[in-house]
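Let's take a walk through this protein together. Keep the picture open while you read.

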Amino acid sequence: MANQIQHSQVVHASLAPTWSAISRMGAVQDWHPNVARSQVLTDHDSGIGASRRVEFQDGNSVVETVVEESESGYTTMEMSEMPLLDNAFVTIRITERSDDETEVTFSIDYRLRYGPLGWLINALMMKRMLRKAFETALAGLSHHLETGDLIADSVPAPTP
């Protein structure tokens, strides 16, 4: 049984810089608050076949490899080396809303290991954790694109 979670947010940036931040494999550490470090594992850091190891603030890590991409605004990465997930694909899609606004949608299709125990873990915590991770990532991306700030371990609160 596959699971899917999706979350969207409009960021105040044009399409080109939004796509650049998303499509460059090494750039995720610049805008994702949960990412401590991103190491590009291939000789190219964008496009099909590009791969990275993402190390999270909590000490966990995952390998992500681009398996599908279009310069018209989406990239799909296969995630591997994750203890709970048997199979996972993350897609990030961007859509121009105006000259200075872009809608960014994160979605994940995943299957958990451990049969009925995996189903319980998913129902009790995994869905909520993934939704929160997408909200945090999109807030970090939005702040980074609007200010140029590099995001550390949290998104700075807006100044009044």
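This is a predicted model: local features need pLDDT of at least 70, side-chain atom pairs count only at pLDDT 80 or more; totals for chains, interfaces and linings use all residues.

Take M125 as an example. You'll find M125 in helix 3, which covers residues 115-147. Its relative accessible area is 35%, so M125 counts as partly exposed.

Now look for the sheet. Strands of a sheet pair through backbone hydrogen bonds, either parallel or antiparallel. Here seven strands form an open sheet in the order 1-7-6-5-4-3-2, and the pairing is antiparallel. Strand 1 (3-11) and strand 2 (35-40) are the edges, each pairing on one side only. From one strand to the next, the twist averages 25°. Helix 1 (residues 15-23) packs on this sheet, touching strands that include strand 1 and strand 6 (85-98), and its direction makes about 165° with that of strand 6. Zoom in on strand 3 (residues 51-56) and strand 4 (residues 61-70): five bridges join this antiparallel pair. There, V54 stands opposite V62 in strand 4.

Next come the charges. Side chains of opposite charge can pair when their charged atoms come close. The count here is five salt bridges. In one of them, R53 meets E81, with the closest N and O atoms 2.7 Å apart. R53 sits in strand 3 and E81 in the loop between strand 5 and strand 6, so the pair ties together parts that are 28 residues apart in sequence. R53 is partly exposed at 22% relative accessibility, while E81 is exposed at 53%.

Another salt bridge joins R113 and D86, at 3.8 Å from N to O. R113 lies in the loop between strand 7 and helix 3, and D86 in strand 6, 27 residues apart.

How values were computed. Residues are numbered from 1 along each chain as its sequence is written. Side-chain values use heavy atoms; hydrogens and water are left out. Helices (H or I, at least four residues) and strands (E, at least two) are DSSP runs, numbered from the N terminus. Buried means under 20% relative accessible area, exposed over 50%, partly exposed in between (1.4 Å probe, protein chains only). Two strands pair if DSSP finds at least two bridges between them. Axes are lines fitted to C-alpha atoms, for helices over the stretch in contact, and angles run from 0 to 180 degrees between N-to-C directions. Contact means heavy atoms within 4.5 Å. A salt bridge is a side-chain nitrogen of Lys or Arg within 4 Å of a carboxyl oxygen of Asp or Glu.
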